[in-house]
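Thanks for coming, everyone. Please have a look at the structure on the screen, and I will walk you through it.

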Amino acid sequence: MTLAQTSIALRLPIDGRHRQMFIDGAWVDARSGQTMETRNPATGAVIATVPRGDRQDIELAVAAARKAFEGPWSRFKPYERQVLLLKIADLFEKHWEEISRSDTTDMGMPIVRTRANRNRVIGMLRYYAGMATALHGETIDNSLAGEIVSFTRKEPVGVVGAIIPWNAPTAASVWKIGPALATGCTIVLKPSEEAPLTPLLIADIMNEAGVPAGVVNIVTGTGAEAGAPLAEHMGVDKIVFTGSTATGQSIVRASAGNLKRVSLELGGKSPVIVCADADLDKAVPVAAMSVFANSGQICIAGSRLFVERSIHDEFVARLAAYAEGLRIGDGIDPATEIGPLVSLRQLERVTGYLEAGAAEGAKLVTGGTRLTEGALAAGNFVAPTVFAGVSDDMKIAREEIFGPVISALPFDTLDEAVERANSTPYGLAAGVFTQNVATAHQLSRKIRAGSVWVNTYHAIDPAVPFGGYKMSGYGREGGAEHLGEYLNTKGVFIKID
């Protein structure tokens, strides 16, 4: 590999060195001088320190974003924004291995999964590039007296504050930055303190691509010290957040000061319905990995598994056998299928749910323990877990665990399955396994969720909107609706007689 190819990686420490954050086109430390550690969850080792930004740093970043929005960036034509996004996409492609290793080292996602996200992430950037020149208003016939022409304009909403979680740093960053650049907004991104390194690596890419100073700013820090000031900042025109429902509710309250626009992609407790006519050979691995992928740290995890009673026992047995065959280890090993949980705090949360399941009478079929043998001893590893004998009122069936835990529940009729699937405050996603086309249409219509996958799972495409119902949030990411979240519509009337 040439020096040019490794230039970004050389600026990304994985040996405990310090990494600065990115404000107004410059690498800076927190005004307070405070720092925080980020650790490899597979080994517990400190891989870097980053600035512990707070309200002072948010003020600087928002001011830089406002200056850029009202300055040179406002004069970029749609074609110029498109060219810039295509250049960013090319640089992502060039540096994809560094990006993949960053995600894996910082938050534990297996390298096979981070590498496999390549087409999705780069496809998103190129989709936004295409949309940059396709944004337009409408000419509307009005009923006013005289000769008055009326039309609408689509204009960028302004300065966007984005707060992302730790479970998919690359995709989450691009899902926020991409539409901001396509529409002509500027952005202040606050990554999770659990996984801040990849967003800083992305700032390197933005700099290399020639994104003007202040258009993209990355402020590292905690949710309370940096995220909350960003959400409530009077100079922010829109806030976009991915994370827990409780934090999303706090952001809505914080946004009231200037009634900023808000988009939220929040928690889930997604149902997967397996009908008796399903192809079990195909359904078992997909249903398993709907939860076990990324160690269950996925908002759309299909953790409530409803299986038609006539096949329930067989399906659960095959699911457990599949879980027991998964290779668990450090995500940097290409053979690893299940990596660690992101932090000790998350480990304690998940093991608490394992204890609750057993205490409430669920039958542990497989897993259910922290793994501490050999090379796994220093990491945050939990065995893929399957509970049977679960009732709808158990804690493990009601609450989002964000770990590799499946609750299997039998059902007798489709109407019953739909009623129980919808009996949750969440509505982010759902899965259905059936070979009957009528059943597929019936269930996909009746399930109240933003995405329904039939005979597959985790299918996300740049052109298809993604988001939740109910307490899983509002607003959409992906598709033309996504760009609309970053635009204001202005009505214009011109009297011409």
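This is a predicted model: local features need pLDDT of at least 70, side-chain atom pairs count only at pLDDT 80 or more; totals for chains, interfaces and linings use all residues.

Let me start with one pair. The side chains of Glu93 and Arg118 form a salt bridge, at 2.3 Å from N to O. The two partners come from distant parts of the chain. Glu93 sits in helix 3, residues 78-94.

Glu93 is partly exposed, at 33% relative accessibility. Arg118 is partly exposed too, at 29%. Asp90, Glu93, Arg118 and Arg126 are linked in a network of salt bridges.

How many salt bridges does a search of the whole structure find? The answer is 26. Here is another one. Arg52 and Glu225 meet through their side chains, with 2.7 Å from N to O. This pair links distant parts of the chain, 173 residues apart. Arg52 is in the loop between strand 4 (46-51) and helix 2 (55-70). Glu225 is in helix 9, residues 223-232. Arg52 has a relative accessible area of 31%, so it counts as partly exposed. Glu225, with 30%, is partly exposed as well.

One more pair of this kind. Asp333 and Arg327 make a salt bridge at 3.4 Å, N to O. Asp333 is partly exposed at 29% relative accessibility. Arg327 is partly exposed at 45%. As a general point, side chains of opposite charge can pair when their charged atoms come close.

**Staying with helix 9**

Now its buried residues. They are Ala226, Gly227, Pro229, Leu230 and Ala231. What do they pack against? Helix 2 is one of the partners, and helix 10 (245-254) is another. Three strands join in: strand 7 (159-163), strand 8 (186-190) and strand 10 (238-242).

**Two domains**

Now step back to the whole chain. The protein is divided into domain 1, residues 21-266 + 473-492, and domain 2, residues 271-454. Their centres, taken over C-alpha atoms, are 31 Å apart.

How do they meet? On the domain 1 side, 22 residues are in contact with 29 residues of domain 2. The area buried between the domains is about 1,900 Å². Carbon and sulfur atoms give 57% of that. Which three residues of domain 1 supply more of its buried area than any other three? They are Pro41, Ala42 and Trp166, with 26% of the area that domain 1 buries against domain 2. Between the two domains, the count is 1 salt bridge.

From the record, UniProt places the feature "domain: Aldehyde dehydrogenase" at residues 27-491, in an unreviewed entry. Over that stretch the chain is 40% helix and 20% strand. The C-alpha atoms at its ends are 41 Å apart.

**The nonpolar core**

Next, the inside. The largest nonpolar core has 115 residues. Ile88, Phe92 and Phe315 touch the most other members. Helix 6, residues 118-132, gives the most to this core, with 9 residues. Why does the core lie between the two domains? Because domain 1 and domain 2 both give residues to it.

Take Ile88 as an example. Leaving out residues up to four places away in sequence, Ile88 touches Leu125, Leu181, Ile205, Met206, Ala209 and Val211. There is also a second, separate core of 27 residues. Among its members are Leu347, Val390, Ala397 and Ala430. In general, nonpolar side chains tend to be buried together in soluble globular proteins.

**One site from the record**

Last stop. Which residue does UniProt list for "active site"? Glu265, again in an unreviewed entry. Glu265 lies in strand 11, residues 261-265. Its relative accessible area is 6%, below the 20% cut-off, so Glu265 is buried.

What is around Glu265? Setting aside neighbours within four places in sequence, Glu265 is in contact with Phe241, Thr242, Gly243 and Cys299, and also with Leu428, Phe466, Ser472 and Glu477.

That is the tour. I am happy to take questions.

Conventions
Residues are numbered from 1 along each chain as its sequence is written. Side-chain values use heavy atoms; hydrogens and water are left out. A nonpolar core is a set of buried Ala, Val, Leu, Ile, Met, Phe, Trp, Tyr and Cys residues joined through side-chain atoms within 4.5 Å. Buried means under 20% relative accessible area, exposed over 50%, partly exposed in between (1.4 Å probe, protein chains only). Helices (H or I, at least four residues) and strands (E, at least two) are DSSP runs, numbered from the N terminus. Domain bounds come from an automatic or database domain assignment. Contact means heavy atoms within 4.5 Å. A salt bridge is a side-chain nitrogen of Lys or Arg within 4 Å of a carboxyl oxygen of Asp or Glu. UniProt positions are given in the numbering used here, feature names are shortened, and annotations may be inferred rather than shown by experiment. Buried area is the accessible area (1.4 Å probe) that two parts lose on being put together, summed over both.
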